[in-house]
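Please examine the sequence and the structure shown below before reading on.

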Amino acid sequence: MSDVIDITKQKHLKFKEILAYSLGLFGFQAIVGLLNSYQAEFDGSILGVDIGVVGVLILVAKIVSAVADPIVGGIVDRSKSKLGKFKSMILYSIAPLLVMSAVIFIDVPFKNNQMVTYVWIFVTYLIWSIAMTMGDVPSQGIAAALTPNPTERTNVVSISNTAKQIGFSACVVIVPIVCLIIPSGSKVFVKKGEVDNPMIASEYFWVAVLTAVLGCALFALIPLVNKERVVTESNEKITAKDMLAALKDNKPLMLVIVSYFLGFGRQMAMGIQVQAANVLLGSQNLVAVLGIVTAIGSMISMALCPMLIKKLNEKRAYILLSVYGFAASILSFIVGHFWFRSPDNTLLTILFYASLFLIGLQFGAVTLMPMIMTADCVDYYEYETGKRMEGAAYSILTLTIKVCLALGTALGLVFVGLSGYSDTLKQIDAGTVSEFSTKTKDIIFFAYTALPGILALLSIIPMFKYDIVGDKKEAISRALGEKRK
């Protein structure tokens with residue numbers, strides 16, 4: 001038994017592997033975050049289409065591309081590549097991801113034909129989504145194969161997902177820097193009373209190129225540096241039907257997935273962050289202010305998550321952070337409601353930004369916990385059935401994340417449309433009004449804060465039945481360690 005304990009508790013990962021994995025996820029998420037935050041604004045301001053329609057197209061493209069997730073997951077699980085079943089797929093994804101991330105931000109010459117433009121947006125985003133899946137499924141799934149030590153796995157997931165969250169928000173810093181470098185009419189800093197000029201097509205394109213090149217270069221570090229230590233082989237072809245069966249038989253994983261779906265509103269804020277910055281702060285380039293304030297809280301949350309898990313376990317930590325997120329989101333919306341009506345009130349201004357920071361403290365639950373729990377569910381399924389299906393499990397998780405991100409973005413953009421955002425922009429351009437109404441601000445800020453908080457509270461319902469924690473989790477790890485030895 002002492003040999004088994006050594007296997008499941010000794011350290012396996014070197015610092016350079018943790019660093020490479022973290023930087024790789026940072027780079028990958030920088031690309032995802034750019035499209036999530038700026039694609040709709042680019043399509044609306046440069047291609048001249050309706051933002052609400054773009055939100056629907058993004059959602060439909062995600063649903064259509066869902067067929068790629070079980071395919072990629074099955075290929076990963078059956079792979080016999082000498083590079084490793086996860087690392088080889090990551091390498092295959094880099095070229096299409098790099099190209100399509102730039103193509104989406106091309107100012108096409110046929111934009112006067114809206115129907116053709118909508119088809120272009122849908123097709124290019126669909127191809128990009130498939131390329132993203134090729135990288136997303138294995139880069140998430142490899143977390144379960146890096147080490148057989150569950151504590152070490154929790155720590156590396158915590159560190160890497162902190163980098164992942166920073167990467168997802170990196171665009172809010174990259175965009176203003178590019179706007180300073182490329183001559184245009186837009187302003188990074190807007191004085192009170194000024195109206196910000198929107199970004200031009202060349203700014204969007206070069207931001208996309210820069211982010212894609214740097215992001216893919218960092219993403220390549222994962223297969224180049226990391227080692228797959230938990231190695232299993234499967235000759236079975238995994239179909240969507242098999243994945244659904246595996247999900248049905250893996251009740252803990254099903255609970256994680258259902259919980260994530262119920263909390264999809266957490267993804268809403270990033271989807272409308274550019275519009276929120278434009279409405280609340282007077283400039284889309286000031287999105288960095290919104291993003292950084294919340295991101296700081298999010299990073300602190302993920303840094304504290306391992307300690308919180310150790311004290312409470314994953315289940316209790318998730319429930320606690322979700323309940324807290326609901327309270328913080330409602331508080332932020334109330335503060336914002338009054339601040340919009342008294343923007344010169346110093347106390348309300350301080351409370352407004354403080355509340356955004358407090359919202360960020362919940363995000364360890366949505367970004368970190370599902371990763372840790374899915375890895376534990378992979379162990380549970382192998383313990384119960386003898387089959388280890390990282391590819392299938394993580395393709396289900398990544399599919400869930402993508403659909404929830406699309407749902408959140410689409411719903412957020414619907415609220416943006418209902419707020420009168422686009423009409424007000426046209427009036428500002430025409431010089432008939434100088435700012436957004438408090439009604440517009442309230443509607444967008446409700447979608448940015450309160451609604452995600454309400455849905456976060458709903459997400460805890462399935463978690464009350466999740467039980468891969470404590471002694472049961474440790475017993476599974478020991479049994480699997482003995483089996484592998």
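The model discussed here is a predicted one. Two packed helices are described by the angle between their axes and the distance between the axes.

Consider helix α2, residues 15-45, together with helix α6, residues 114-141. Their axes come within 12 Å and cross at roughly 160 degrees. An angle over 145 degrees counts as roughly antiparallel, and therefore α2 is described as roughly antiparallel to α6. The crossing in which α2 passes α6 is left-handed. On the side of α2, the contact is formed by Tyr21, Leu25, Phe28, Ile31, Val32, Leu35, Gln39 and Asp43. On the side of α6, the partners are Ile121, Tyr125, Trp128, Met132, Gly135, Asp136, Ser139 and Gln140. Sorted by class, this contact comprises 10 nonpolar, four polar and two charged residues.

Helix α2 also meets helix α14, which spans residues 273-281. Here the axes come within 7 Å, and the crossing angle is roughly 70 degrees. The helices α2 and α14 are therefore roughly perpendicular to each other. Ser37, Tyr38 and Glu41 of α2 meet Val274, Gln275 and Asn278 of α14. The contact of α2 with α14 contains two nonpolar, three polar and one charged residues.

The crossing of α4 and α5 is right-handed. In α4, the residues Val72, Ile75, Val76 and Asp77 meet Lys85, Phe86 and Met89 in α5. Five residues of this contact are nonpolar and two are charged, while no polar residue takes part.

Rolling a probe the size of a water molecule over the atoms shows where empty space is left.

The second largest pocket holds about 620 Å³ of space. Its lining is made up of 23 residues, and those nearest the centre are Asn149, Pro150, Thr151, Thr154 and Lys473. Which elements give two or more residues to this lining? They are α1 (2-9), α7 (150-168), α15 (287-312) and α23 (470-484). The largest share, seven residues, comes from α7. By class, the lining of the second largest pocket divides into seven nonpolar, eight polar and eight charged residues.

How many cavities of 30 Å³ or more does the structure hold? There are four cavities of 30 Å³ or more. About 570 Å³ of space lies in the largest cavity. This cavity is lined by 35 residues, and Gln165, Phe168, Gln267, Met270 and Thr367 lie nearest its centre. The lining of the largest cavity has 17 nonpolar, 14 polar and four charged residues.

Conventions. Residues are numbered from 1 along each chain as its sequence is written. This is a predicted model: local features need pLDDT of at least 70, side-chain atom pairs count only at pLDDT 80 or more; totals for chains, interfaces and linings use all residues. Side-chain values use heavy atoms; hydrogens and water are left out. Axes are lines fitted to C-alpha atoms, for helices over the stretch in contact, and angles run from 0 to 180 degrees between N-to-C directions. Helices (H or I, at least four residues) and strands (E, at least two) are DSSP runs, numbered from the N terminus. Angles under 35 degrees count as roughly parallel, over 145 as roughly antiparallel, 65 to 115 as roughly perpendicular and the rest as oblique. A crossing is left-handed if the near helix is turned anticlockwise from the far one by less than a right angle, and right-handed if clockwise. Contact means heavy atoms within 4.5 Å. Ala, Val, Leu, Ile, Met, Phe, Trp, Tyr, Cys and Pro count as nonpolar, Asp, Glu, Lys and Arg as charged, and the others, Gly among them, as polar. On a 1 Å grid over the protein atoms alone, a cavity is a set of points where a 1.4 Å probe fits but cannot get out, and a pocket is an open set with protein on both sides within 12 Å along at least five of seven lines; lining residues have an atom within 4 Å of a point. Grid points are joined across faces, edges and corners, and a volume is the space filled by probe spheres set on the points.
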